[in-house]
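Open the model in your viewer and keep the selection panel at hand.

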Amino acid sequence: MPAWLVTLGWAVLKASLILGFVLFNALFLVWWERKFAARIQSRVGPQRTGRPFGYLQSMADVFKLLSKEDVVPARVDRWMYVLAPIVIFVPAVLVYVVVPFGPNLIVQDLNIGILYVAAVTSFTMIAIVMAGWAANNKYSVVSAMRAAAQLVAYEVPLVLAVIGPVMLAGTLSLQGIVRAQEGLWYIVVQPLGFLVFLTAGMAELNRAPFDLSEAESELVAGYNIEYSGMRWSFFFLAEFSNLVAVSAIATTLFLGGWQAPWFLPAAVKGLIPPVVWFLAKTYFLVTVIMWIRWTLPRVRIDQLLDFGWKFLLPVSLANIALTGLLFPVLVRLGWI
Amino acid sequence: MPAQYVDVVVFLVLAGTFPLITLAFGYLLRPKNPAPLKRGIYECGEIPVGEARIRFDIRYYVFALLFVVFDVEAVFIYPWGVLFRELGWYGFVVMMLFIEVLVVGLIYAYRKGALRWA
């Protein structure tokens, strides 16, 4: 077999596996979020489909969505309307190319890893604006404008918060950053960076308290208001995929990725495989983000923009300066 | 080196065709009977008034401009972050001067009221 065919075959196999992961993950998280939200609100959540815990609820949802009529409103911008669900779904899958699930369990360890993540995820904003504008609905246009202002305001702190771990590890490769955290997770030396990353990440995901673009009580559903059936479901597939992606990147940068906690003795570290550590940390962060969503009320748009530009942005810049200033101290302490 | 990006391209193609495949599959399952009322734009049950694509608030434009400045700045900081150790104090001071210039810009925008929404 020619070498290029082998390369291509492997790539298709890896892409299919990741696609499977993204889909299974969305099924699981839809169920998990509904159960978790119910728990917080003293309800029981879904329990009929797949007794006793409603674990088949998401599967039922999939079949319902597949069999729903695909209503395309009369006055939409046809091309943009059709393309928007695809444009939002593709980057949500592309991010996983560089996510290190384990020491050897990574699709491709690009040497510009984290820059690639920043570049790919910024397409989400374009898709949201496309969807909102194409629908020719007043709610969705307002939603798209809000989403643009919000994603733009929080993208800057997000990419700046990443610089801290990059400075400490001296590489943009995600696998390199994980390996550099063998002695100590970066959350210990980058607490500010971690908080900025998580907050800005939640805003990038359009999750409460930053869900202004889909504020149900004022905008009905926001940019996806005129979508139905399978087309609509791609927005949600992408949202849950991005939720895991943000948590996975945060895990990689600040929580040591697939590394076991540094303080454990070597004998204990060997007991649990790295991929389990990685998934445990990632889903822990996913749950924290859900917990915050179901606890805090939505912010107003002026509060949102103030918080991003006047607080998170200066803090993320200060984090870079602090990291640089304290670097000799960290080296002296033997922490880096 | 470019061989690494074969994966990226394959992911791009596969992720792009997946929605099309599911939509085609759903075509076999879903009903299709469009009606004029069903194809109308949703506006809380009222008949929609006017166009949705009107001029949007100028305030969004100012924030977009600020974003361009700071996002480009971030692109300059990335390579510096990688070489931070090698460059030493000299590199650190130079980068702090660069950031300081941008912070002055942010303060200017703040004082001018560009960051105020109300």
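## Stop 1: a helix pair across the chains

Select Met230(A), Arg231(A) and Phe234(A) in α11(A); they meet Phe18(B), Pro19(B), Thr22(B) and Leu23(B) in α1(B). Keep in mind that this is a predicted model. Colour this contact by class: five residues are nonpolar, one is polar and one is charged.

Now show both helices as cartoons. α1 of chain B covers residues 5-29. At what angle do α11(A) and α1(B) pack? The angle is about 145 degrees, and the axes lie 9 Å apart. The crossing of α11(A) and α1(B) is right-handed.

## Stop 2: the salt bridge

How many salt bridges cross the interface of chain A and chain B? The rule finds one. Over all chains, the count is eight. For polar contacts between chain A and chain B, the count is five residue pairs, with both residues at pLDDT 80 or more.

## Stop 3: the chain A side

Next, select the elements of chain A that give two or more residues to the side touching chain B. They are α1 (3-40), α3 (78-94), α4 (113-121), α5 (123-134), α6 (138-169), α11 (229-254) and α14 (301-333). Which helix gives the largest share? It is α6(A), with 16 residues. Colour the side of chain A that touches chain B by class: 59 residues are nonpolar, 10 polar and 15 charged.

## Stop 4: the whole interface

Zoom out and select both sides. Here 84 residues of chain A are in contact with 64 residues of chain B. The area buried between the two chains is about 6,700 Å². Carbon and sulfur atoms give 74% of that area.

Methods
Residues are numbered from 1 along each chain as its sequence is written. Chains are lettered from A and ligands numbered from 1 in the order in which they are written. This is a predicted model: local features need pLDDT of at least 70, side-chain atom pairs count only at pLDDT 80 or more; totals for chains, interfaces and linings use all residues. Side-chain values use heavy atoms; hydrogens and water are left out. Contact means heavy atoms within 4.5 Å. Buried area is the accessible area (1.4 Å probe) that two parts lose on being put together, summed over both. A salt bridge is a side-chain nitrogen of Lys or Arg within 4 Å of a carboxyl oxygen of Asp or Glu. A polar contact is a pair of N or O atoms within 3.5 Å; within protein, one must be able to donate a hydrogen and the other to accept it, and residues adjacent in sequence count only if both atoms are side-chain atoms. Helices (H or I, at least four residues) and strands (E, at least two) are DSSP runs, numbered from the N terminus. Ala, Val, Leu, Ile, Met, Phe, Trp, Tyr, Cys and Pro count as nonpolar, Asp, Glu, Lys and Arg as charged, and the others, Gly among them, as polar. Axes are lines fitted to C-alpha atoms, for helices over the stretch in contact, and angles run from 0 to 180 degrees between N-to-C directions. A crossing is left-handed if the near helix is turned anticlockwise from the far one by less than a right angle, and right-handed if clockwise.
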